[in-house]
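Trainee: Could you take one part of this fold and walk me through it slowly? I'd like a close look at a helix pair and whatever surrounds it.

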Amino acid sequence: MRDVLLIFAIALGAAFGIGLAGAVLLRALRRSSITVHLNVLLTTTVVAVAVGVMAVAEAMFLSAHDLEVVLITVAAAAVVSLAVGGHFGRRLARAAVWRDQARERERQLEKGRRDLVAWVSHDLRTPLAGLRAMAEALEDRVVRDPDTVDEYHRRIRLETDRMTRLVDDLFELSRINAGALRLSLTAVPLGEVVSDALASTIPLADARRIKLIASESGWPTVAASEPELARVVANLLLNAVRYTPADGTVRIEAGREEDHAWLSVADTCGGIPPADLPRVFDIAFRGEPARTPGPGDGGASGGLGLAIVHGLVEAHGGRVEVRNTPDGCQFMVRLATA
């Protein structure tokens, strides 16, 4: 019994020293990834066992040959343990990280859904209240003056168009999120799409005294679905005009780089807060303070316009980015050339 206790004490002392060193190392690496932590923990355990066995073997005064056999056996076991443990440790770390990322994505999606419901409820409640008030005034003949009646009819049509655009945005976004968007890619002259988008944006830009500048040449041909590409360009232009102060400038350019084409929409909005840049394409995100489109502002988007741009561009296999410039911000779309 005494020999057993002595062997246990020797092994425990040797393993404790290694374990203590491993604990100190883990504390020093506490900000490292879970993979590093698992590897250090596994290595500490295997080395502690190996050192304990070697310490007991030395204390037993084994012959040189027997000691060599013990060391080889321990080394082989350590190699196998580290290899197997490292492999499954990495898989476990990836699974843990994936679960954390999945939970974070789920939280962000849930927050986005809540924000979407709140924004859409706000953007529908306001025009609906106005429509009801105007309809009741016309129905009760409270308003009789022909000019006022015509104005009420015009405002009813405008608000109806505004809600129609919002519903269209919701439908488009639902198709994107459900993976139901099927694109038929053809060779689309980007210049023609931009020209049509500019023509529909000019009235809003003129009303806000915003100058639209477009390159006269250099427009590439891209592989895209024309209706969806037109939606991307129109949304980017409307977004730039909405958030550019009066007497500002919106510039749209395009070009070709190697195997892809690029489209740039730059404005003089004064820039986006750096903390908001990663969230610009989130559903229902409008920044702080919230900026609600006013009358004649091209229709409420419910914070969906840029989210739709992001989804449509990715559906084309491209990418869209935003960055601040000295006097505003720039949206850059990259698509494959035809």
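Mentor: Here is the helix pair, with its surroundings after it. Keep in mind that this is a predicted model, where local features need pLDDT of at least 70, side-chain atom pairs count only at pLDDT 80 or more, and totals for chains, interfaces and linings use all residues. Residues are numbered from 1 along each chain as its sequence is written, and side-chain values use heavy atoms, with hydrogens and water left out.

First, some context. The protein chain has 7 helices and 7 strands, taken as DSSP runs numbered from the N terminus (helices are H or I with at least four residues, strands are E with at least two). In sequence order the pattern reads α-α-α-α-β-α-β-β-α-β-β-α-β-β.

Now the pair. Helix α5 covers residues 190–207 and helix α6 covers residues 226–242; their axes come within 9 Å and cross at roughly 35°. Those axes are lines fitted to C-alpha atoms, for helices over the stretch in contact, and angles run from 0 to 180 degrees between N-to-C directions. The crossing of α5 past α6 is right-handed, the label used if the near helix is turned clockwise from the far one, while left-handed is anticlockwise by less than a right angle. On the α5 side, the contact (heavy atoms within 4.5 Å) uses Leu190, Val193, Val194, Ala197, Leu198, Thr201, Leu204 and Ala205, and α6 answers with Glu226, Leu229, Ala230, Val233, Ala234, Leu237, Leu238 and Val241. Sorted by class, that makes 14 nonpolar, 1 polar and 1 charged residues. For the classes, Ala, Val, Leu, Ile, Met, Phe, Trp, Tyr, Cys and Pro count as nonpolar, Asp, Glu, Lys and Arg as charged, and the others, Gly among them, as polar.

In soluble globular proteins, nonpolar side chains tend to be buried together. In the largest nonpolar core, which has 46 residues, Leu229 and Val233 touch the most other members. The helix that gives the most to this core is α6, with 8 residues. Here a core is a set of buried Ala, Val, Leu, Ile, Met, Phe, Trp, Tyr and Cys residues joined through side-chain atoms within 4.5 Å, and buried means under 20% relative accessible area, exposed over 50%, partly exposed in between (1.4 Å probe, protein chains only). Leaving out residues up to four places away in sequence, Val233 touches Val193, Val194, Ala197, Ile252 and Leu263.

Ala187 counts as exposed because its relative accessible area is 51%. Beyond residues up to four places away in sequence, Ala187 touches Thr221, Val222 and Ala338.

Most residues other than glycine have a negative phi. Asp247, in the loop between α6 and β4 (249–257), has a positive phi near 70°. At 55% relative accessibility, Asp247 is exposed. Glu258 also has a positive phi, near 50°, and belongs to the loop between β4 and β5 (260–267). Glu258 is exposed too, at 78% relative accessible area.
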